[in-house]
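Dear colleague,

I am passing on the structure below, together with some notes on what I found in it. Could you read the notes with the structure open beside them?

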Amino acid sequence: MSSIIRGDDNWDTTPPAYGRVVRTAGNVSTTSTSLVEVTGSSITITTGANPIYFGACHTIRNNTVGADMVFNFTIDNALQFGTTGLIQDQAASSQWNMISPQGQSAVLSAGSHTIKEKWRVGGGTGLLLASTAEGSMFFVNEIK
Amino acid sequence: MIVTHEVMIDCTSMTGEECSDLCLTALGHGTDFNLKASSLTDTLHGSVSIIHNDSPLPHIFSIEVYETDEAPTAVTSHGITTGRQSTLARPAVMPTEQDLINKLETLA
């Protein structure tokens, strides 16, 4: 007599949601001293009741020594790193800075969520490289 | 007011900051229409964000002009000042969206 052993029928077989924005078509600049979207850096994913991991990798500089470059993220318009955000100070003229701002959310409600990367300068012009030689990436992963 | 517009510009012979400054000049950047802070405590009337796409793709502009005044949000804690130190102000003469687009088109 044969027997069949059944496993748990409740396995979550849905792969984790993810999204990314890879820019290589041209650099991005801003003169905004209030947080604005890093143009085009918006990802909408549909998740389960799980946290997400989000981050970005950039090469940046400000053409004014001493001026801040600030990065932050929003999840459904809620800032994730306080009202200011993560600060990079331009220490020397023309110096390029590699930055990788990143974070993890608390458990989100199941459904659609929009994650955006934002930035601003303290003064001068902020420049973010995004070319075929120096790419730029923004990404979001559901953790499950 | 936020104006988004695309213009074909070849900026391969200049830095991104130089291209940005060129665009600011075309938009009338100055004391009465200040789009870039030259000091941390400047009063600003707007800002310009640009995707400097390489040809044959156009540059993509996002121009924000402040319609209401906003005081600085800077705070000092443990001797460190963070937050926005600039003041945002509505320009005395509010440009129209078409004004800004026409000025950008002079760069083409």
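Predicted model: local features only at pLDDT ≥ 70, side-chain atom pairs only at ≥ 80, totals over all residues.

I begin with Glu70(B), which at 40% relative accessibility counts as partly exposed, a class that lies between buried (under 20% relative accessible area) and exposed (over 50%), computed with a 1.4 Å probe on protein chains only. Residues are numbered from 1 along each chain as its sequence is written, chains are lettered from A and ligands numbered from 1 in the order in which they are written, and side-chain values use heavy atoms, with hydrogens and water left out.

Glu70(B) forms a salt bridge with Arg84(B), the closest N and O atoms being 3.3 Å apart, where a salt bridge is a side-chain nitrogen of Lys or Arg within 4 Å of a carboxyl oxygen of Asp or Glu. This pair links distant parts of the chain, since Glu70(B) sits in the loop between β4 (59-65) and β5 (75-77) of chain B and Arg84(B) in the loop between β6 (80-82) and β7 (87-88) of chain B, 14 residues apart; helices (H or I, at least four residues) and strands (E, at least two) are DSSP runs, numbered from the N terminus.

Over all chains, the count comes to four salt bridges. One of them joins the side chains of Glu37(A) and Lys116(A) (3.7 Å, N to O), and because Glu37(A) lies in strand β3 of chain A and Lys116(A) in strand β10 (residues 111-121) of chain A, the pair ties together parts that are 79 residues apart in sequence. Glu37(A) is partly exposed at 26% relative accessibility, and Lys116(A) is likewise partly exposed, with a relative accessible area of 24%.

Turning to the interface, 23 residues of chain A are in contact (heavy atoms within 4.5 Å) with 28 residues of chain B. Chain A and chain B bury about 2000 Å² between them, 48% of it on carbon and sulfur atoms, buried area being the accessible area (1.4 Å probe) that two parts lose on being put together, summed over both. In chain A, the residues that lose the most area to chain B are Ser29(A), Thr31(A) and Thr33(A), together 25% of what that side buries.

How many salt bridges are there between chain A and chain B? The count is one, and it is formed by Arg61(A) and Glu17(B), whose closest N and O atoms are 2.6 Å apart. The pair crosses from strand β4 (residues 52-62) of chain A to helix α1 (residues 16-26) of chain B, and both Arg61(A) and Glu17(B) are buried.

On the side of chain A that touches chain B, β2 (26-30) and β3 (36-47) of chain A each supply at least two residues, and the largest share, five residues, comes from β2(A). β2(A) also pairs in the antiparallel sense with strand β3 (residues 46-53) of chain B over five bridges, given that two strands pair if DSSP finds at least two bridges between them. Within this pairing, Val28(A) stands opposite Ile51(B) in β3(B).

As for chain B itself, there are two helices and seven strands, running β-α-β-β-β-β-β-β-α from the N terminus on. Buried residues make up 42% of the 108 residues in chain B.

Finally, His5(B) lies in strand β1 (residues 2-7) of chain B and is buried, with a relative accessible area of 17%. The side chain of His5(B) makes a polar contact with the side chain of Glu105(B) (2.6 Å). Leaving aside neighbours within four places in sequence, the residues in contact with His5(B) include His59(B), Phe61(B), Ile101(B) and Glu105(B).

With best wishes

Key
Polar contact = N/O pair within 3.5 Å; in protein donor to acceptor, adjacent residues only side chain to side chain.
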